[in-house]
Amino acid sequence: FRFTALELVHWDYWERVMLPLDESIITIVGPNGSGKTTLLDAMRTVLALNTSRKRSYPTYVQHSNRPYAWLRAVVTNQRDHRGRRPFFPVTTDQVTLACRIMRRSGEWQRQYRIEPGHVGVEELSTQEDRFLGVQEYRHRLTAGGLSQAVLRVLSLEQGATDKLCELSPRDLLDLVYDVFGDKETLDEYQRARVNQLEAAQELQALALQVDRLESQVTALSNRVALFQRYQNLLAAQKALETV
């Protein structure tokens, strides 16, 4: 699935913001302190991820001086090539992912919703019995196709992209495989290759051992032939003595 819109209500110093995200490429540009990380942290929170290292979702809500905050994303729920929808049994082409942050028992807590169609915050607020826990919500997103690549990209800290240029080619290749979920396959290939090399070395050692055994068999065969000749000569000697 992919995002088509993101709404922030009482998030940080933003009273209410609605962002369209229905293009193939979205570029966010702004100076330091303009809210780029704040927006990314909102997307991370909607997907039940951890926020950036120096911030937390309670901090954003406290900045608004309100008792609650809403984060709402509208995502696609189109059929794939096998006819399956990411959020089945929901069968609408759009799905609303919502996160409500409220203070409960003295602590800020997240509650999540997955609703069919385009559902607004006001309508979500009237239904208190349909919230999901964080773990159940994460499981639903994973089943819906939230890839490890997206999780890794959204988890990049500010300035971490500059460090990519400092990686060696091997480390960069490992990172690419890791991001796209192929690292395990690459590791399995490396293990299989090591096992293959070890098996080849073992076969070579066994071949040398077989050659040595064949040499020993040949030598023993020659000794057996000499012994048989010796026995024949003894028999002939005895026959001559008898004559």
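## The loop between α1 and α2

A48 is found in the loop between α1 and α2, where helices (H or I, at least four residues) and strands (E, at least two) are DSSP runs numbered from the N terminus. Its phi is near 60°, a positive value in a residue other than glycine, and A48 follows α1 in the chain. At 2% relative accessibility A48 counts as buried, a term that means under 20% relative accessible area, with exposed meaning over 50% and partly exposed in between (1.4 Å probe, protein chains only). This is a predicted model, in which local features need pLDDT of at least 70 and side-chain atom pairs count only at pLDDT 80 or more, whereas totals for chains, interfaces and linings use all residues. Residues are numbered from 1 along each chain as its sequence is written, and side-chain values use heavy atoms, with hydrogens and water left out.

T51 has its place in the loop between α1 (36–46) and α2 (57–64), and at 14% relative accessibility T51 counts as buried. A polar atom of the T51 side chain lies 2.8 Å from the backbone oxygen of R55.

Helix α1 is largely enclosed by the rest of the structure, because 9 of its 11 residues are buried. The buried residues of α1 are T37, T38, L39, D41, A42, M43, R44, T45 and V46.

L40 also lies in helix α1, but at 31% relative accessibility L40 counts as partly exposed. Together with I26 and I28, L40 makes a nonpolar surface patch of about 220 Å². Patches are made of residues with over 30% relative accessible area and no salt bridge, with like charges joined within 9 Å and nonpolar side chains (Val, Leu, Ile, Met, Phe, Trp, Tyr) within 5 Å; a salt bridge is a side-chain nitrogen of Lys or Arg within 4 Å of a carboxyl oxygen of Asp or Glu.

## Strand β1 and its partners

Strand β1 (residues 3–11) is mostly covered, with 9 of its 9 residues buried. β1 and strand β2 (residues 14–20) pair in the antiparallel sense over 6 bridges, and 6 bridges also join β1 to β3, again in an antiparallel run; two strands pair if DSSP finds at least two bridges between them. E7 stands opposite M18 in β2 and opposite R72 in β3. In the hairpin of β1 and β2, which has 2 residues between the strands, D12 takes a positive phi near 60°.

## Other backbone features

Most residues other than glycine have a negative phi, and most peptide bonds are trans. N65, which is not a glycine, has a positive phi of about 60°; N65 is found in the loop between α2 and β3 and, at 70% relative accessibility, counts as exposed. The peptide bond from F88 to P89 is cis, with omega near 15°, and P89 is found in the loop between β3 (68–76) and β4 (94–104).

## The chain as a whole

The chain has 7 helices and 5 strands, and from the N terminus on its elements run β-β-α-α-β-β-β-α-α-α-α-α. Buried residues make up 30% of the 243 residues in the chain.

The accessible surface of the chain comes to about 16,500 Å², of which 54% belongs to carbon and sulfur atoms; accessible areas come from the Shrake-Rupley method with a 1.4 Å probe, and for residues only the protein chains shown count as cover. Among contacts (heavy atoms within 4.5 Å) between residues at least 6 apart in sequence, 55% join residues at least 24 apart.

Terms used: Polar contact = N/O pair within 3.5 Å; in protein donor to acceptor, adjacent residues only side chain to side chain.
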